[in-house]
Amino acid sequence: MSAVSSARAAAYGGPAPSELNAQRPTRMPRPHAQRSRTPFPTVSVIVPTRNEARNLEIVLPAIAAVRPTVHEIIVVDGNSTDGTVETAKRVLPWVRVIKQTRKGKGNAMACGFAAATGDVLVMFDADGSADPSEIPAFVAALVAGADFAKGSRFTPGGGSDDITLLRKSGNAGLNGVANALFGTSYTDLCYGYNAFWADLLPLLELPPIDAPAPADGMLWGDGFEIETVLNCRVAAAGLKITEVPSIERQRVFGDTNLRTFADGARVLRTLLAEHRRADRRKSDRRS
């Protein structure tokens, strides 16, 4: 590791890049030219919410306390009825609050990404399970050369107070499918704490935020499949992925929306659909 990389990592308070679990290169060549990126990026944290008022009282001040300071915090609300918007503005007056344009976590994320002005975008759940003090480690991984910093509970230094044995086993199986299909070495496919350079957004081709909602169901990418969609698309694009150790805590207030079998089946369907999409893209490029 170069002295410059060490200095960059130290500047953001994260571990040295050698301590992070760097993914082996994917099989596809990188489709974009090498970008010039700042060693001191501005950071936008995107927090999707739906009835998370009590959790925001804890989460927002914790994010704001991160050093170096984040550039902005964007709360994306999905028609909360518990005073989430009012709580966010009261707890942190400078927070940016926007409304999502359709429904689903994926749409909320896409709306936050579109509104963000930072160089780096951090995906952060509002339930209190993620540790804001880990944000500098994600930024350090990106500054050190990664395109996408993938949080992992199952790489050395990571862990979870919340995951059950059943979900852990299912996650391991889905990791195996993803790694076989996309040539990655993910250890935690289903974890939603991730960060990436904002200049990658056009490459990810998420559903336009101004597209009308279908009469029945959701647009592909608007739902909880968003994390898997992003993981598949960055891998299929040949981007450099670095895993960052992360400790998952239990949700502070409220009940989880996770459904072990239904969500596992949805992730598997997403992997297969995204693999077909990647194959079509490769075929189109050849022709």
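This is a predicted model: local features need pLDDT of at least 70, side-chain atom pairs count only at pLDDT 80 or more; totals for chains, interfaces and linings use all residues.

Helix α2 covers residues 53-64 and helix α3 covers residues 84-91, and their axes come within 9 Å of each other while crossing at roughly 25°. Because angles under 35 degrees count as roughly parallel, α2 is described as roughly parallel to α3.

Next, show the side chains where the two helices meet: Ala53, Leu56, Glu57, Leu60 and Pro61 belong to α2, and they face Thr84, Thr87, Ala88, Arg90 and Val91 of α3.

Now centre the view on Val91, which is found in helix α3. Leaving out residues up to four places away in sequence, Val91 touches Leu56, Glu57, Leu60 and Pro61. If you select Val91 together with Glu57, you have two residues that are 34 residues apart in sequence, yet 6.2 Å apart in space from C-alpha to C-alpha. Is Val91 buried, partly exposed or exposed? With a relative accessible area of 22%, Val91 is partly exposed, because buried means under 20%.

From there, move to the largest nonpolar core, which has 70 residues, and pick out Val45, Val47, Ile63, Ile73 and Ile135, the ones with the most contacts inside it. Helix α5, residues 135-143, gives the most to this core, with seven residues. Finish at Ile135, which, apart from its neighbours within four places in sequence, is in contact with Val43, Val45, Ile63, Val66, Val122 and Tyr193.

Definitions and conventions: Residues are numbered from 1 along each chain as its sequence is written. Side-chain values use heavy atoms; hydrogens and water are left out. A nonpolar core is a set of buried Ala, Val, Leu, Ile, Met, Phe, Trp, Tyr and Cys residues joined through side-chain atoms within 4.5 Å. Buried means under 20% relative accessible area, exposed over 50%, partly exposed in between (1.4 Å probe, protein chains only). Helices (H or I, at least four residues) and strands (E, at least two) are DSSP runs, numbered from the N terminus. Contact means heavy atoms within 4.5 Å. Axes are lines fitted to C-alpha atoms, for helices over the stretch in contact, and angles run from 0 to 180 degrees between N-to-C directions. Angles under 35 degrees count as roughly parallel, over 145 as roughly antiparallel, 65 to 115 as roughly perpendicular and the rest as oblique.
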